[in-house]
Amino acid sequence: MAKQRYVNTKLWSDSWIRSVNPLDRYLFLYFLTNEKTNLCGIYELPLDIISSETGIKENDLKSSFFPRLKPKVFFYKDYIILPNSPKHQTLTNPKITLAIQRELDKLPKEIYEKAIG
């Protein structure tokens with residue numbers, strides 16, 4: 001069974017979302033809802049998969065889209081990093097906090113340091 005993903009409806013009134021073009025919004029929404037996403041907001045997703053699933057050419061992703069999506073989305077060595085992801089979780093729930101920590105513990109050290117450090 002596929003994981004359920006919910007996007008807060010307040011996303012559309014966010015000032016950053018309103019400031020970017022529709023294709024950037026589409027790509028950002030993809031990073032929030034693709035099948036690899038997780039609670040900590042750091043997950044492996046190779047460029048060729050992103051390109052295949054979104055229909056955006058790899059070169060366009062690297063040269064144009066990723067630079068425009070900073071600081072909300074970073075792409076580093078086949079990993080997507082969504083720095084604000086944890087703050088949108090229920091961190092007062094110990095199960096959520098534990099699940100986030102488990103996901104962080106699985107990351108390669110270099111990715112963890114890039115994302116957290």
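**Figure 1. Lys 77 and its salt-bridge partner Glu 110.** At 52% relative accessibility, Lys 77 counts as exposed, where exposed means over 50% relative accessible area, buried under 20% and partly exposed in between, for a 1.4 Å probe and protein chains only. The side chain of Lys 77 meets that of Glu 110 in a salt bridge with an N to O distance of 2.8 Å, a salt bridge being a side-chain nitrogen of Lys or Arg within 4 Å of a carboxyl oxygen of Asp or Glu. The pair links distant parts of the chain, since Lys 77 sits in the loop between β2 and β3 whereas Glu 110 belongs to helix α6 (residues 109–116), 33 residues apart. Glu 110, at 39% relative accessibility, counts as partly exposed. Helices (H or I, at least four residues) and strands (E, at least two) are DSSP runs, numbered from the N terminus. This is a predicted model, in which local features need pLDDT of at least 70 and side-chain atom pairs count only at pLDDT 80 or more, while totals for chains, interfaces and linings use all residues. Residues are numbered from 1 along each chain as its sequence is written, and side-chain values use heavy atoms, with hydrogens and water left out.

**Figure 2. The salt bridge between Glu 113 and Lys 109 within helix α6.** A search of the whole structure finds three salt bridges, and one of them joins the side chains of Glu 113 and Lys 109 at 3.9 Å, N to O. Both residues lie in α6, four residues apart, which is about one turn of the helix. Lys 109 counts as exposed at 64% relative accessibility, whereas Glu 113, at 45%, counts as partly exposed.

**Figure 3. Asp 24 and Arg 68, a salt bridge between two helices.** The side chains of Asp 24 and Arg 68 meet at 2.8 Å, N to O, in a salt bridge. Asp 24 lies in helix α2 and Arg 68 in helix α4, so the pair ties together parts that are 44 residues apart in sequence. Asp 24 counts as buried at 2% relative accessibility, while Arg 68, at 35%, counts as partly exposed.

**Figure 4. The packing of helix α2 against helix α3.** Helix α2 (residues 22–33) and helix α3 (residues 47–54) pack at an angle of about 120°, with their axes 12 Å apart; axes are lines fitted to C-alpha atoms, for helices over the stretch in contact, and angles run from 0 to 180 degrees between N-to-C directions. Tyr 26, Leu 27, Tyr 30 and Phe 31 in α2 are in contact with Ile 49, Ile 50, Glu 53 and Thr 54 in α3, contact meaning heavy atoms within 4.5 Å. The residues of this contact divide into six nonpolar, one polar and one charged.

**Figure 5. The buried face of helix α3.** Leu 47, Ile 50, Ser 51 and Thr 54 are the buried residues of α3. Seen down the axis of α3, these residues fall within an arc of 95°, so they line one face of the helix; the arc is that of the directions from the helix axis to the C-beta atoms. They pack against α2, α4 (58–69), β2 (74–76) and β3 (79–81). Just after α3, Gly 55 takes a positive phi of about 80°.

Figure 6. Tyr 43 is found in β1 (residues 42–44) and counts as buried at 3% relative accessibility. Leaving aside residues up to four places away in sequence, Tyr 43 touches Phe 31, Asn 34, Lys 36, Thr 37, Asn 38, Asp 78, Tyr 79, Ile 80 and Leu 82.

Definitions and conventions. Nonpolar A, V, L, I, M, F, W, Y, C, P; charged D, E, K, R; others polar.
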